[in-house]
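Please look through the structure shown here. The paragraphs after it begin with the disulfides and then turn to the chain as a whole.

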Amino acid sequence: MARFAALAALAALLLAVAVGGAAAQGVGSVITQSMYASMLPNRDNSLCPARGFYTYDAFIAAANTFPGFGTTGSADDVKRELAAFFGQTSHETTGGTRGAADQFQWGYCFKEEINKATSPPYYGRGPIQLTGQSNYDLAGRAIGKDLVSNPDLVSTDAVVSFRTAMWFWMTAQGNKPSSHDVALGRWTPTAADTAAGRVPGYGVITNIINGGLECGMGQNDANVDRIGYYMRYCSILGTATGGNLDCYTQRNFAS
């Protein structure tokens, strides 16, 4: 009996090591818990409505359901994609003040749209601020959750919340490439893209996410904020930003 108990304990230990090893070999090998905390130092600030929500464990659990996310390509590719993901989602959830010294240290402060006015009840929620019934439907189908009937899951279940953001990041829609492919330098613009000024780089990811409100209108504060977060994360992760960071002169994908 003692022998079987010892074998069971050993099996449990090996399973724990395997699970920990899988995280360490994936996104968790780059975004460690201490790195996550340094990137998002105010996510649990008492001033932030999302305090306590965006946990590191929820991020890793969600990332493990998208094996290609933050694990594809060279070491620099991986770092640049993760910097881009956190750059964009930090802007979407920012609690920072424009022009403040710590403007780019307030990512993940909000988990839902402040005024809840965009397409209610399918207003912005989660890291990517998932918006619109169609996106809730598509994201829910992809992750196996009925988000049309229960959109609040995106702001009450942190793993679901991160998974919707990663789904949006990894998925091409219509004439838009996936942010994942753009971040990895795998997107080749079509003739229509070239004519519209859409070129590979971080700026076209902004166009994918919110081009109708932020692109093709010259310099604007939203672009500046997205770029500022991205540059900070690239610096923390030790990788170059690449070129074409803004979408000031790009026409949006719907035009």
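**Disulfides and overall fold**

A disulfide joins Cys 48 and Cys 109, with 2.1 Å between their sulfur atoms; the term stands for a pair of cysteine sulfur atoms within 2.5 Å. This link spans distant parts of the chain, 61 residues apart: Cys 48 lies in the loop between helix H2 (33–39) and helix H3 (56–63), and Cys 109 in the loop between helix H4 (75–92) and helix H5 (133–143). The angle about the S-S bond is -100°, and the link of Cys 48 and Cys 109 is left-handed. The model is predicted: local features need pLDDT of at least 70 and side-chain atom pairs count only at pLDDT 80 or more, while totals for chains, interfaces and linings use all residues. Residues are numbered from 1 along each chain as its sequence is written, and side-chain values use heavy atoms, with hydrogens and water left out.

Cys 48 counts as buried because its relative accessibility is 0%, and Cys 109 counts as buried because its value is 2%. Buried means under 20% relative accessible area, exposed over 50%, and partly exposed in between (1.4 Å probe, protein chains only).

A search of the whole structure finds two disulfides. The other pair is Cys 215 and Cys 247, whose sulfur atoms are 2.1 Å apart. Here too distant parts of the chain are linked, 32 residues apart, with Cys 215 in the loop between helix H10 (202–214) and helix H11 (221–237) and Cys 247 in the segment after H11. With -80° about the S-S bond, the link of Cys 215 and Cys 247 is left-handed. Both Cys 215 and Cys 247 are buried. Numbered in sequence order, the bonded cysteines pair 1-2, 3-4. Cys 234 is in no disulfide, and the nearest cysteine sulfur, that of Cys 247, is 17 Å away. Cys 234 counts as buried because its relative accessibility is 1%.

The chain has 11 helices and zero strands. Helices (H or I, at least four residues) and strands (E, at least two) are DSSP runs, numbered from the N terminus.

What radius of gyration does the chain have? It has 19 Å, which agrees with a compact globule, because 255 residues would give a value near 18 Å. The radius is taken over C-alpha atoms, and the globule rule is 2.2 Å times the number of residues to the power 0.38. The C-alpha atoms fill a box of roughly 75 × 40 × 40 Å, taken along the principal axes. Of the 255 residues, 47% are buried.
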